[in-house]
Amino acid sequence: MILETQRLFLREMTLSDLDALLLVLGDAESMRYYPKPFDSEMVEKWIDRQRRNYAQHGLGLWAMVLKATGEVIGDCGLVWQEVEGHQELEIGYHVRRDQQMQGYATEAASTCQEYAFNVLDTARRVISLIRPENIPSRRVAEKNGLKIVQETLWRDIPHYIYAVQRSESKLLTTSNFSEA
């Protein structure tokens, strides 16, 4: 386990999570803001990329696990992204469609933001790259205090850069997470 919230564990992904993550990343409706839904091979590469991120950076997208059932319902975490020639720490999240609208993405993302600002010495700001039409993800970012700071073409697709500076974060002094 990497992080814990009231209802979730965030832990490193393994290849045994492939089927559960395929239900999220392979769902056409959930992935409508991506170029296309993932197939099994793409999910396997996704997991491998996160595992490389863990080894290289000590973070990445983590499996989002319901405490009550042990079920993997998505992913959430911190990843380094190149945006307009700069390295930015992004909070990313995906939740299985039947588990959306229950606050899991907001809960997990706020814990990741808190972790970035309270544990990682290098994090001065965090961002989320969100397509303008992706209203649910925009709401998650806004609930956690991120604001649109600019529009950009990222991977040739229009995105908003949502951001919050460490000095602006409302999550600096809370302690609703436990690091394993």
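**Entry 1: the pocket**

Which strand supplies the largest share of the lining of the largest pocket? I noted first that this is a predicted model. Then I went through the lining: strand 5 gives the largest share, six residues. Strand 5 runs over 86–95, and I found at least two lining residues each from helix 2, strand 4 (72–83), helix 3, strand 6 (125–130), helix 4 (135–143) and strand 8 (157–165) as well.

I wrote down about 1,200 Å³ for the space in this pocket. Its lining has 46 residues, and those nearest the centre are Tyr34, Tyr93, His94, Asn134 and Ser137. Sorted by class, I got 22 nonpolar, 15 polar and nine charged residues in the lining.

**Entry 2: the cores**

Next I turned to the largest nonpolar core, which holds 49 residues. Trp62, Met64, Leu78 and Tyr93 touch the most other members there. Tyr93 was already in my notes, as one of the residues nearest the pocket centre. Helix 3 (residues 104–118) gives the most to this core, with eight residues. I also found a second, separate core of six residues, with Ile127, Trp154, Ile161 and Ala163 among them.

**Entry 3: aromatic pairs**

How many aromatic pairs does a search of the whole structure find? I have four on my list. For Trp62 and Tyr115, the ring centres are 6.2 Å apart and the planes stand at 90°, so I filed the pair as edge-to-face. Trp62 sits in strand 3 (residues 61–66) and Tyr115 in helix 3, so this pair ties together parts that are 53 residues apart in sequence. Both Trp62 and Tyr115 are buried.

Tyr160 and Tyr162 came next: their ring centres are 6.4 Å apart with planes at 75°, so that pair is edge-to-face too. Tyr160 and Tyr162 are both buried. I also marked a cluster in which ring pairs link Tyr34, Phe38 and Trp46. Tyr34 is another name I had from the pocket, where it is listed among the residues nearest the centre.

**Entry 4: Gln50**

Is Gln50 buried or exposed? I looked up its relative accessible area, which is 3%, so Gln50 counts as buried. Gln50 belongs to helix 2 (residues 40–57). What is Gln50 in contact with, leaving aside its neighbours within four places in sequence? I listed Met13, Gly60, Leu61 and Val79.

Notes
Residues numbered from 1 in each chain as written. Predicted model: local features only at pLDDT ≥ 70, side-chain atom pairs only at ≥ 80, totals over all residues. Heavy atoms only, no water. Core = buried A, V, L, I, M, F, W, Y, C linked by side-chain atoms within 4.5 Å. Buried < 20%, exposed > 50% of the residue type's maximum accessible area, 1.4 Å probe, protein only. Helix = DSSP H or I, 4+ residues; strand = E, 2+ residues; numbered from the N terminus. Contact = heavy atoms within 4.5 Å. 1 Å grid on protein atoms, 1.4 Å probe; cavity = no way out; pocket = protein on both sides within 12 Å on 5 of 7 lines; lining within 4 Å. Points joined across faces, edges and corners; volume = space filled by probe spheres on them. Nonpolar A, V, L, I, M, F, W, Y, C, P; charged D, E, K, R; others polar. Phe/Tyr/Trp six-rings, centres within 6.5 Å; stacked < 30°, edge-to-face > 60°.
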